[in-house]
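Have a look at the structure on the screen, and I'll walk you through a few spots in it.

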Amino acid sequence: ELCQGDAPLSCVVHNAAVTGEVCSPEKISVEDFSKTMAINVEGPLFLTKELLPLLMRSQGRVLHISSGAAHRPLSGCLTYCTSKAALLQVMRCLDEELAPKGVRVGSTMPGVVDTEMQSHLRSQDFEGADLFRSLAPPVGSFDGPKAPPRGLDHPENVADFLSWLLLEVPLDVFGGREWNIGDPETQKMWLRAAS
């Protein structure tokens with residue numbers, strides 16, 4: 001229905017994701033692996049495809065929420081890591097194909113955020129669970145953008161970072177790269193714009 005209207009669409013954020021089964025490789029099921037790939041990879045790809053007419057009309061941008069799991073293995077999280085690595089490559093391929101049409105696709109690693117997914121991982125019994133349990137919750141309430149802490153970050157802090165990426169970073173700079181909230185140079189640009 002949205003694709004049939006005249007309303008502009010300047011930004012799409014693909015944030016929905018599931019961890020999939022948190023277990024050792026010998027316990028992974030085909031059904032859960034397929035479901036995780038459908039949500040974490042196919043969903044963003046095919047929703048972007050359907051929204052392309054609107055995105056091309058507005059020279060919009062698409063942002064994939066990635067994870068450090070796209071770059072390094074986490075014990076017990078084979079399905080999630082695989083899906084995030086695939087999503088990263090989808091971003092690269094889409095940006096390569098769509099940039100000449102005026103649509104840019106980027107990705108971001110938002111750090112470790114105090115969300116339901118993190119609570120779920122801390123409650124599971126698997127080899128890598130101690131890593132997630134060791135992350136301290138954010139201290140105090142959110143009081144403005146700042147470099148992420150060593151533990152869990154406030155969702156509001158990440159929302160400010162994403163807003164900067166979507167609304168302030170020039171389109172030609174935004175696309176084709178993965179923006180890491182933990183990168184000192186990226187933080188400088190973001191926090192300078194936020195002040």
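What you see is a predicted model, where local features need pLDDT of at least 70, side-chain atom pairs count only at pLDDT 80 or more, and totals for chains, interfaces and linings use all residues. Residues are numbered from 1 along each chain as its sequence is written, and side-chain values use heavy atoms, with hydrogens and water left out.

Okay, first stop: Val-90. This residue sits in helix 2; helices (H or I, at least four residues) and strands (E, at least two) are DSSP runs, numbered from the N terminus. What does Val-90 touch, not counting residues up to four places away in sequence? The list is Val-41, Leu-45 and His-64. The C-alpha atoms of Val-90 and Pro-44 are 8.8 Å apart, although 46 residues separate the two along the chain. Val-90 also counts as buried, at 15% relative accessibility. Buried means under 20% relative accessible area, exposed over 50%, and partly exposed in between, using a 1.4 Å probe and protein chains only.

Leaving aside neighbours within four places in sequence, the contacts of Lys-84 include Ala-17, Ile-65 and Ser-66.

On to the cores. A nonpolar core is a set of buried Ala, Val, Leu, Ile, Met, Phe, Trp, Tyr and Cys residues joined through side-chain atoms within 4.5 Å. The largest one has 17 residues, and among those that touch the most other members are Leu-9, Leu-55 and Val-105. Helix 1 (30–58) and helix 2 each supply at least two residues of this core, and helix 1 gives the most, with 6 residues. There's also a second, separate core of 14 residues, including Phe-161 and Trp-164.

Those two lead us to the aromatic rings. Rings of Phe, Tyr and Trp (its six-membered ring) pair if their centres lie within 6.5 Å; planes under 30 degrees apart count as stacked, over 60 as edge-to-face and the rest as tilted. How many aromatic pairs does the structure hold? There are 3. Phe-161 and Trp-190 have ring centres 5.1 Å apart and planes at 75 degrees, so that pair is edge-to-face. This pair links distant parts of the chain, with Phe-161 in helix 5 and Trp-190 in helix 7, 29 residues apart. Both Phe-161 and Trp-190 are buried. Trp-164 and Trp-179 are edge-to-face too, at 5.7 Å centre to centre and 90 degrees between the planes. Ring pairs link Phe-161, Trp-164, Trp-179 and Trp-190 into a cluster.

Last stop: helix 7, residues 184–194, where the buried residues are Thr-186, Gln-187 and Trp-190. They cover an arc of only 100 degrees around the axis, so they lie on the same side of helix 7; that arc is taken from the directions from the helix axis to the C-beta atoms. The face turned away from the buried side carries the exposed Pro-184 and Arg-192. Helix 5 (155–167) and strand 4 (178–180) are among what covers the buried residues of helix 7.

Key: Contact = heavy atoms within 4.5 Å.
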